[in-house]
Amino acid sequence: MATNHTQAAPGEFPEDPEELLPEESVLSLDEYLAMHAAVGHRTRYEILYRLVHGGDMSPKELDEVIEIDDSTLHYHLNKLVDVGLVEKRQQTERGQNGLYTYYRATVFGEVTLTRGVDELIRGEGDFDEMYNSSADRQ
């Protein structure tokens, strides 16, 4: 668990980026960075995207929409689970033998996707407008 010795005033940035963490942060800066690194891979981004925007899915359902082989899918799912963006759930289904396995995005997964990469993509028009308006001033 990270500890924070000093907090910067609003609008200011601390010298050490770890000081951005809340006093009682549940995650370290390295754990947050690992989440962003994990979603930076195209296949993991697509998996997380499907889980955030489509809800819980089984490996078979994910395989059908992403069209990758089973071992590659499980490798990437395990990476997402390891960093805390996705959780693996198992339950028994009525009238079925064995367990039904499905995956779902965690709160960290949803926020990382919707306020991270998705927001960056949606903001491309704003970036273009800002870039072009600053170029016009020259």
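Student: What should be kept in mind about the model before any term is applied?

Tutor: This is a predicted model in which local features need pLDDT of at least 70 and side-chain atom pairs count only at pLDDT 80 or more, while totals for chains, interfaces and linings use all residues. Residues are numbered from 1 along each chain as its sequence is written, and side-chain values use heavy atoms, with hydrogens and water left out.

Student: How many helices and strands are there in the protein chain, and in what order do the elements run?

Tutor: There are six helices and two strands, and from the N terminus on the elements run α-α-α-α-β-β-α-α. The elements are DSSP runs numbered from the N terminus, helices being H or I with at least four residues and strands being E with at least two.

Student: What makes the contact between Glu-46 and Arg-42 a salt bridge?

Tutor: The term requires a side-chain nitrogen of Lys or Arg within 4 Å of a carboxyl oxygen of Asp or Glu. The closest N and O atoms of Glu-46 and Arg-42 are 2.6 Å apart, and the pair forms a salt bridge. Glu-46 and Arg-42 are four residues apart in helix 2 (residues 42–54), and so they are separated by about one helical turn. An α-helix has 3.6 residues a turn, so residues three or four places apart point the same way.

Student: How many salt bridges does this rule give, and which other pairs meet in one?

Tutor: The count comes to three salt bridges. Arg-104 and Glu-87 meet in one of them, at 2.5 Å from N to O. Arg-104 lies in strand 2 (residues 99–105) and Glu-87 in strand 1 (residues 86–92), so this pair ties together parts that are 17 residues apart in sequence. Arg-104 is partly exposed, with a relative accessible area of 25%, and Glu-87 is likewise partly exposed, at 26%. Glu-119 forms a salt bridge with Arg-122, the closest N and O atoms being 3.0 Å apart, and the two residues, three apart in helix 5 (residues 107–122), are separated by about one helical turn. Glu-119 is partly exposed, with a relative accessible area of 43%, while Arg-122, at 53%, counts as exposed.

Student: How do you know that the buried residues of helix 3 are on the same side?

Tutor: The buried residues of helix 3 (residues 59–66) are Pro-59, Leu-62 and Ile-66. They cover an arc of only 60° around the axis, and therefore they are on the same side of helix 3; the arc is that of the directions from the helix axis to the C-beta atoms. Pro-59 is buried because its relative accessible area is 14%. On the face turned away from the buried side, helix 3 carries the exposed residues Lys-60 and Glu-64.

Student: What makes Leu-120, Phe-127 and Met-130 a nonpolar surface patch?

Tutor: Patches are made of residues with over 30% relative accessible area and no salt bridge, with nonpolar side chains (Val, Leu, Ile, Met, Phe, Trp, Tyr) joined within 5 Å and like charges within 9 Å. Leu-120, Phe-127 and Met-130 make a patch of about 320 Å², the areas coming from the Shrake-Rupley method with a 1.4 Å probe. Met-130, in helix 6 (residues 124–136), has 53% relative accessibility and so counts as exposed.

Student: Which residues gather in the patch of negative charge?

Tutor: Glu-15, Asp-16, Glu-18, Asp-30 and Glu-31 gather there on the surface. Asp and Glu count as negative and Lys and Arg as positive, while His and the chain ends are not counted; the place of a charge is taken as NZ of Lys, CZ of Arg, CG of Asp or CD of Glu. Asp-30, found in helix 1 (residues 29–39), is exposed because its relative accessible area is 59%.

Student: What makes the phi of Glu-67 worth a remark?

Tutor: Phi of Glu-67 is near 60°, a positive value in a residue other than glycine. Most residues other than glycine have a negative phi. Glu-67 lies in the loop between helix 3 and helix 4 (70–83) and, at 68% relative accessibility, counts as exposed.

Note on methods: Buried means under 20% relative accessible area, exposed over 50%, partly exposed in between (1.4 Å probe, protein chains only).
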